[in-house]
Amino acid sequence: MTTKLFGTPVARSEDPRLLRGEGRYLDDLGHDAYHVGIVRSPHAHARILGIDVTAALEVPGLIAIHTFDDLPERLREPLPLLIPHPSIRDGRTQYVLARDEVNYLGEAVAMVIAEDRYAAEDALELIDVDYEPLPPVVGPEAARAAERTVHAGIDDNVGARYEQTIGDAAAAIADAPNVLEFRLDIERSASMPMEGRGTLARWDADESMLRVHSSTQAPTSVRAAVAAYLELPLQQVECVTPDIGGGFGVKIVHPWPEEILVPWAARELGHPVKFVEDRREHFISATHERAQVQFLKVGFDDDGRILGLDVELLHDHGAYMPYGVIVPIITSTQLLGPYRIEQYRVVFDSVYTNTVPVTPYRGAGRPQGCFAMERTMDRIARHLGKDRTDVRRVNMLEPEELPYDYGLIFQDGRPYRYDSGDFPASLAKLKELVDWDGFEARREAAAAEGRLLGIGMAAYVEGTGVGPYEGGHVLVEPNGTVQVATGLSTQGQGHETAFAQIVADELGVPFASVRVVTGDTRRFRYAVGTFASRAAVMSGNAIHLAAVKVKDKALKIASEALEVDVEDLELAEGQVRVKGSPETAIDLNVVATMSNPLRYAFDESARIATQFATPASLDRPPVGDDDEPGLEGTDYYSPVSSTFANGMHAVEVAIDPQTSDVTIERYAVVHDCGTLINPRIVEGQVLGGVAQGVGGALYERMAYDANGQLNNASFMDFLIPYSTEVPHVDIDHLETPSPLNPLGIKGAGEAGVIPGSAAIASAIEDAIGARVDAMPIGPAQVHALRCASDERSAIPGRDRVEVPR
């Protein structure tokens, strides 16, 4: 019998090639291409008075220089606001090259094209831009104060305001026996993939075809955008993603200015053109995320049960809002976690600042929401003197209450409704995994050694598999190879392996015979993209449905050839065979040949498909009205709503009494993403997310000064965790299948990062006995909190201590 692959920890088939250095990334392509360099604004806010390119024109190897005034009319229009929303009052997006004004450090001002990167860099240095600096708006609170504005016509700097309610939170809080009110802060961070952004374009004048290679998470959308801005029919544009060295959300943005400028230049010059950003460019011109100020007021009873919750969010979306208000919408809904909150009000202001624009970064608003709710749970527990897990348990939804509709609207425009899960079971697993009840003994032992030990936890629910759709194509070749294609791209998630497992199981073929292609519009033209933990849910189910079509067709053809009822056949070991009589069988590759009626026999195996090889039914055509040649199938999966994964993290930290350095001693994860396709891949996703969560909690922050200058735009100054800072992680799984899709799966891509800041803040607070209300937190901030803890406890009602950032 064929070994079942779905649910087994199959080793990733893509890894050997990448580990041998045989990956092909964007900069490995286009060695004959001209190179693009971009003049970027050195100011956070300035008016452009003039651009003098005279000196740069003498650089050997220079091909062209373009400013806004050189662009055709269509390219002078602003880039699109990708996701419109009724709450957006005035959605501003940037131009491919700045028109009259720059609004953040790093904004594109002019484009240089040269024979190589060296010449391009030389020319960039000789272009003289005359700027009139304007006062910048830096930080969400400065934006709200509105003493000055980012854009003319937006006097309060508010790009969007949105409110959602459940019941009457104000009345519930007013009647509650216990009330807490406090503020939380999350600072700005960014994705930082190993490979930055890049685009390569070739124009074939003979075929009037444009081929674009882009390091993107949304190749079909890049294709559509390029076609629109270059005013080309969609069928004349191809977009292909090579290997991608990480994305984490920053590459879902499209089109970047360079994704329009490079194809335009390639067509104008009739020569390949390439742009590859360097690391500093990525810091100052690729998008950021996370920055929010949160104001919470909660009313609760003496058991810790939340009676009413009021939340106000101040979200910094930077100088422009190309991705709309998706991030604060996610924060405002996903904040509720696994809890039964029946009286809730949330309102956010999304404000303009003179900083790099904000779009989703892995987690996409969920880490901020989790931080708000889990810090609230800890505050309640501390106020009542209760165990933090007990307060969470009393607020949790029971499994029999699911599906549970909160009465809110989620980021996909659909009801915010949990489809499945068992939150109390996850909590029980986590407590056992981390030995929560045995912690006090470990704390005492650490204290005897002079160490401060603390434990914390955080729970979350993650909306995954957002629509509108994805598709899949499955084809069985006459040589037995099974070709699989889907439109979304891959940035290291193991799609090649997981999708092959799905198809191999459905068709009963060896895993090694399945070939998977992603992110190539030549192979699959319609798709949405890789983001929001959606690839396995969306493309996985679409590929499954396509494979079912292939299976059904194979059974039908074999049924006629073997003169056996379809119900009596099965696919296994690369054959269609009679159940219970495996010796009566046809190889699947033979069925593939038979599926395509031939006039000509190209080889011996093709003879069986020609018109004289087998008796033909004279009362029907060789290809029926409801059929088509080939053993292949295409299908799409489009869900009614998102499916919701969930999980819980617990962490133990040790604080050095002398240096206030934080060391993670223990990290435990319980995760529920429904039915697991490949546990090894899921654990890899969780581990990678935990690493980014640790970075966001302890190290990573974009340090803008009052002038809008990014003071740490390099890996010398912007800290990310090394492998030595990433702890060993104990992982356990709970599988509650989703009822919303055929495979019962939920997404897993962002799960590891979501609760990191909340869980680590909880543990640090437990270790030092002082409230932690801002992240990230490093030794300087921990030291300040420890020094101020006596003062905080001595002043009733005081809720904040200013700590160095």
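Strands are taken as DSSP runs of E of at least two residues, numbered from the N terminus. In this predicted model, strand 5 spans residues 108–114 and contains Val-109. The relative accessibility of Val-109 is 0%, so the residue counts as buried, the cut-off being under 20%. Ser-41 is 68 residues away from Val-109 in sequence, yet the two C-alpha atoms are 6.5 Å apart in space. Beyond the neighbours within four places in sequence, the contacts of Val-109 include Val-39, Arg-40 and Ser-41, together with Ile-48, Ile-51 and Thr-67. Leu-97, Ala-98, Val-102, Val-129 and Tyr-131 are also in contact with Val-109.

Asn-157 lies between helix 3 (140–145) and strand 7 (158–166). Because its relative accessibility is 1%, Asn-157 counts as buried. A polar atom of the Asn-157 side chain lies 3.1 Å from the backbone oxygen of Ala-143. Ala-143 is also among the residues in contact with Asn-157 when neighbours within four places in sequence are left aside, as are Val-137, Ala-146, Arg-148, Thr-149 and Val-150. Further along the chain, Ser-350, Val-351 and Tyr-352 are in contact with Asn-157 as well.

At the level of the whole chain, the domain assignment gives domain 1 (32–134 + 197–276), domain 2 (292–466 + 640–792) and domain 3 (468–595 + 630–637). The contact between domain 1 and domain 3 takes 18 residues from domain 1 and 17 residues from domain 3. The C-alpha centres of these two domains are 39 Å apart.

The size of an interface is often expressed as the accessible area lost when the parts come together. For domain 1 and domain 3, the buried area is about 1,300 Å², with 46% of it on carbon and sulfur atoms. Of the area that domain 1 buries against domain 3, 35% is supplied by Gln-217, Thr-220 and Arg-223, more than by any other three residues.

On the side of domain 1 that touches domain 3, the elements giving two or more residues are helix 5 (219–229) and strand 12 (237–240). By class, that side of domain 1 has eight polar, seven nonpolar and three charged residues.

Note on methods
Residues are numbered from 1 along each chain as its sequence is written. This is a predicted model: local features need pLDDT of at least 70, side-chain atom pairs count only at pLDDT 80 or more; totals for chains, interfaces and linings use all residues. Side-chain values use heavy atoms; hydrogens and water are left out. Domain bounds come from an automatic or database domain assignment. Contact means heavy atoms within 4.5 Å. Buried area is the accessible area (1.4 Å probe) that two parts lose on being put together, summed over both. Helices (H or I, at least four residues) and strands (E, at least two) are DSSP runs, numbered from the N terminus. Ala, Val, Leu, Ile, Met, Phe, Trp, Tyr, Cys and Pro count as nonpolar, Asp, Glu, Lys and Arg as charged, and the others, Gly among them, as polar. Buried means under 20% relative accessible area, exposed over 50%, partly exposed in between (1.4 Å probe, protein chains only). A polar contact is a pair of N or O atoms within 3.5 Å; within protein, one must be able to donate a hydrogen and the other to accept it, and residues adjacent in sequence count only if both atoms are side-chain atoms.
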